[in-house]
Amino acid sequence: MISPVHLWVAKKTGLERNLNPYKLAIWQRERLKAVIDYAAKNTRFYNGKIDPSMQLEDLPFTLPSDLANNPYAFLAIPQNSVTRVTTLANSGTTSLKKRIFFSQSDLERTKEFFSVGMSTMVSKGDKVQILISNRTENSLGSLLQESLSRIGVPAEISKSLRNVTEALEVSKDADCLVGMPAELLYMSRIAPEMRPKSVLLAADIAPQAIIKSIKKTWKCNVFCHYGHTEFGYGIAVNCDESDELHLRDAHNILEIIDIKTQEPALPGEVGEIVITTLWNEAMPIIRYKTGNISRLIAQPCKCGSNLHRMGNVEGRIADNIAIAKGKVLNIIQLDEILFTCNFVRGFNASVSNYRGKTALHLTIDATQRIDPTILEPVTPNEVDIDINYGAADPFTNRRKRRLSVK
Ligand SMILES: [Zn+2]
């Protein structure tokens, strides 16, 4: 089945059967002019910085710190027209928090995309259990629940979950589970007998080892969603024919920027994901550097879509920790190695540096001991490896996974 996201882009852009990457780019660049005009006229941040005669590649980047330093400079509508404000803890060194504003129509567009994306993995009458977010009005969970109800799919948002036992209890009758990758992997390794029809990994990076393992254990389809609160959550989701993600092209422009040259990367080349909103009313954002790493895929999808897709997210630039000269380590590298062991249910990792000696500390939740030599490809000889065994239930400390520094 061709991805519903492709059909939706064809309809929203009006390109219908003529849709191809070239025509889409022309359509997006035409739309971009209107966005630039809107942002320059209505926001303090973009006023005087950009004008509609500029090409996409010539526009300056917007940094997460710009948004954190002065969120109101991005606000393009009167404050009383803001329907939702989300405050995000900043993962950087500053204590400032990003505030993200949405209008009613911004939220409506998110729901529209969610309905389309979810129709890839659920059908009328299926029951969905949402294990992330909360029941607050217009929260990510509530928006998803409402989008699903529009396609005839009832969804329940879990109350705050304190451990894997509670997560398994609420999930036992669901056809589709929506949750964070490491949490769903942990569930699948505790309860391999469960048989959801599909699983949607969201709200954190999904390593290949987790995708493969959940597919194998639960014998189900595994989908990945990539999103950011800054753009109204949804950015991309894969179809049932491929792990690579179809893009929300009718609402955003997604670029991959070479990290060294800061120029657009070629399809297949790795770089930073940079996003421009094409319709956001409350907070238009132009060329926002997400800090996430991926690549564009130019080959047509097996589902029949000829549009560019995005590969899986391969990491976050800020999460790379220098562990030796010219050598960095991040949690995804460890996930790809440790989760390949089917007896490892979860783990926590941190790096310390004491008197010039770097050590990697692991607390591994497993039914047997790992062979430490499997870590050699990512840990140079001069790095000590300190392994402890113990519980690492991700539901007891719910967050995006990171390699912490002690
Ligand atoms: Zn596809």
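Author: Strands are DSSP runs of E with at least two residues, helices are DSSP runs of H or I with at least four residues, and both are numbered from the N terminus. By this rule Tyr233 lies in strand 8, residues 233-238. The model is predicted: local features need pLDDT of at least 70 and side-chain atom pairs count only at pLDDT 80 or more, while totals for chains, interfaces and linings use all residues. Residues are numbered from 1 along each chain as its sequence is written.

Reader: Why does Tyr233 count as buried?

Author: A residue is buried if 20 or more other C-beta atoms, placed from the backbone, lie within 10 Å of its own, exposed if 12 or fewer, and partly exposed in between. Tyr233 has 26 C-beta neighbours inside 10 Å, and therefore counts as buried. Its phi is near 70°, a positive value in a residue other than glycine.

Reader: Why is Glu16 called exposed?

Author: Glu16 has 9 other C-beta atoms within 10 Å, so it is exposed. Glu16 is placed in the loop between helix 1 (4-13) and helix 2 (21-42). Phi of Glu16 is positive too, near 45°. Most residues other than glycine have a negative phi.

Reader: What makes Lys33 count as partly exposed?

Author: Lys33, found in helix 2, has 13 C-beta neighbours inside 10 Å, a count that falls in the range between the two limits, so it is partly exposed. From C-alpha to C-alpha, Lys33 and Gly125 are 42 Å apart in space, and 92 residues apart in sequence.

Reader: How is the chain divided into domains?

Author: The domain assignment, which is automatic or comes from a database, gives domain 1 (1-318) and domain 2 (320-405). Their centres, taken over C-alpha atoms, are separated by 28 Å. The contact, for which C-beta atoms placed from the backbone must lie within 7 Å, takes 21 residues from domain 1 and 16 residues from domain 2. On the side of domain 1 that touches domain 2, helix 6 (164-171), helix 7 (181-190) and helix 8 (208-218) each give two or more residues. Helix 7 provides the largest share, six residues.

Reader: How do helix 7 and helix 8 pack?

Author: Helix 7 and helix 8 pack at an angle of about 30°, with their axes 10 Å apart; axes are lines fitted to C-alpha atoms over the stretch in contact, and angles run from 0 to 180 degrees between N-to-C directions. Residues in this contact include Leu184 and Leu185 of helix 7 and Ile210 and Ile214 of helix 8. Among the buried residues of helix 8 are Ala209, Ile211 and Trp218. The cover over the buried residues of helix 8 includes helix 7, strand 6 (198-201), strand 7 (221-228) and helix 9 (331-338). Helix 8 is followed by Lys219, with a positive phi near 50°.

Reader: What makes strand 19 and strand 20 stand at the edges?

Author: Four strands form an open sheet in the order 19-18-17-20, with mixed pairing. Strand 19 (384-389) and strand 20 (404-405) each have a single partner strand, so one side of each is left without a neighbour in the sheet.

Reader: How do you know that strand 17 is joined to strand 18?

Author: Two strands pair if DSSP finds at least two bridges between them. Strand 17 (residues 344-354) and strand 18 (residues 357-366) are joined by 10 bridges, and therefore pair. These two strands run antiparallel, and Ser350 stands opposite His361 in strand 18.

Terms used:
Contact = placed C-beta atoms within 7 Å.
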